[in-house]
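These are my notebook entries on a structure that is new to me. I set down what I looked up, in the order in which I looked it up.

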Amino acid sequence: MLLRTALGIAFSLWVAAARADELQINPNHPDQYTVVKGDTLWDISGKFLQHPWQWPELWHNNPQVKDPHWIYPGDTLYFSYVDGKPRLSLTPGDAVEEKVLPRVRESSIEQAVRMVPSDAIIQFLNSPKVVTAEELQRAPYVIGFVGEHLIAGAGDGIYVRAIEEPEGLGYTIYRQGKPYVSPVTKEILGYEAQFIADTTLQQPGDPATLVINKSDLEVQRGDRLMLTSEGELALNYFPRPPKEQIIGSIIRVMGGVSQIGQHDVVVIDKGTADGIEVGHVFDVYRRGNFVLDRYQSPEGVVVKMPDEIAGELMVFRTFERVSYALVMKASAAMHTLDRVQTP
């Protein structure tokens with residue numbers, strides 16, 4: 001029930017925020033489609049629309065469907081035109097005048113179709129995070145281990161400088177990772193803070209005593225601690241283009257892959273300071289290669305090939321100078337330094 005309520009709130013807010021641009025229908029759209037397990041609203045909308053984020057407007061054209069956000073595996077969606085406007089409904093086009101009656105779901109654990117594949121992003125909702133050099137410098141750090149261990153793991157105690165006036169009991173241990181660098185200005189936009197372990201404060205002080213609850217890596221002296229933050233709601237996304245024209249670049253791909261494809265997580269060089277919000281959708285353009293043209297002169301002239309659209313991505317987590325985004329569509333392989341911009 002909580003999951004359905006969260007999705008309902010998320011979709012309703014998305015409907016309110018969606019732009020009223022003219023719908024661009026997918027010329028290869030089916031006349032009907034039956035939802036299957038594993039589908040997302042983004043996947044389904046892409047079957048009918050060239051821009052999946054226009055999905056709410058397609059539903060908005062159907063006043064008989066009061067709760068379009070309740071879509072479940074097994075539902076059949078019908079595409080038609082009514083008074084010259086495209087419409088998607090839960091009844092065939094020749095039965096649009098029928099009243100759509102509420103239906104009782106047989107399974108109490110059946111889940112409505114999600115907006116995005118949350119399993120692709122859930123590990124990035126809390127960690128790693130992006131911090132500034134100043135934040136790392138100010139953060140408490142591990143100075144030693146209970147029992148004189150050289151390293152520590154789950155169940156071990158640690159000494160930390162300094163947590164004398166704690167703001168909470170849960171602290172996360174991070175280790176400074178590689179910097180995020182602007183491809184244009186070469187300035188450092190932030191540092192990746194790699195998740196190491198979760199801890200609980202046992203005794204404030206300088207040093208303070210904490211115990212490690214769980215760890216991904218062994219804790220080392222010098223590792224930094226920050227207050228543990230609660231996870232973001234994985235379904236709370238309202239895809240829409242930014243209101244302003246924003247142009248940036250992909251500066252990193254998470255997971256260590258070289259070519260970026262659908263449902264990969266990437267980092268872009270724009271953040272809240274640039275007007276980026278969670279849910280913003282961008283087109284991705286693969287940067288054109290440089291070709292040496294020797295047909296006009298023996299020395300040759302360098303010619304840049306045009307940038308070509310390669311996919312779409314959606315921002316799901318923002319920081320001040322950078323953001324995490326999920327690749328929603330990939331029509332061609334993408335790479336770091338490819339351009340992202342407002343559709």
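Which residues form a nonpolar patch on the surface? I found Val291, Val301, Val303 and Met305 in this patch. Together they have about 260 Å² of accessible area. I note here that the model is a predicted one.

**Entry on Met305.** I next looked up one member of the patch, Met305. I located Met305 in the loop between strand E15 (301–304) and E16. Its relative accessible area is 33%. Met305 therefore counts as partly exposed, as the value lies between the limits of 20% and 50%.

**Entry on the whole chain.** I then turned to the chain as a whole. I recorded four helices and 18 strands as its secondary structure. The chain has 343 residues, and 47% of them count as buried. For its accessible surface I noted about 18000 Å², with 50% of that belonging to carbon and sulfur atoms. I also looked up how far apart in sequence the contacting residues lie. Among contacts with a separation of 6 or more, 70% are between residues 24 or more positions apart.

**Entry on strand E13.** I asked how many residues of strand E13 are buried. The strand covers residues 281–286, and five of its six residues are buried, so I describe E13 as mostly covered. I then looked up its pairing. With strand E16 (residues 308–318), E13 pairs in the antiparallel sense over six bridges. In this pairing, Val281 stands opposite Met314 in E16. E13 is also joined to E18 by three bridges, and these two strands run antiparallel. I noted that Asp283 has Gln341 as its bridge partner in E18.

**Entry on Arg339.** From E18 I picked out Arg339, which is found in this strand of residues 339–341. Is Arg339 buried or exposed? Its relative accessible area is 16%, which is under the limit of 20%, so I count Arg339 as buried. I looked up what surrounds this residue, leaving aside its neighbours within four places in sequence. Arg339 is in contact with Ile247, Gly248, Asp283, Val284, Tyr285, Arg287 and Asp307. For Asp307 I recorded a further detail: its side chain makes a polar contact with the side chain of Arg339, at 3.1 Å.

Key. Residues numbered from 1 in each chain as written. Predicted model: local features only at pLDDT ≥ 70, side-chain atom pairs only at ≥ 80, totals over all residues. Heavy atoms only, no water. Buried < 20%, exposed > 50% of the residue type's maximum accessible area, 1.4 Å probe, protein only. Polar contact = N/O pair within 3.5 Å; in protein donor to acceptor, adjacent residues only side chain to side chain. Contact = heavy atoms within 4.5 Å. Pairing = 2+ DSSP bridges. Patch = residues over 30% accessible without salt bridge, like charges linked within 9 Å, V, L, I, M, F, W, Y side chains within 5 Å. Areas by Shrake-Rupley, 256 points an atom, 1.4 Å probe, with all protein chains shown as cover. Salt bridge = Lys/Arg side-chain N within 4 Å of Asp/Glu carboxyl O.
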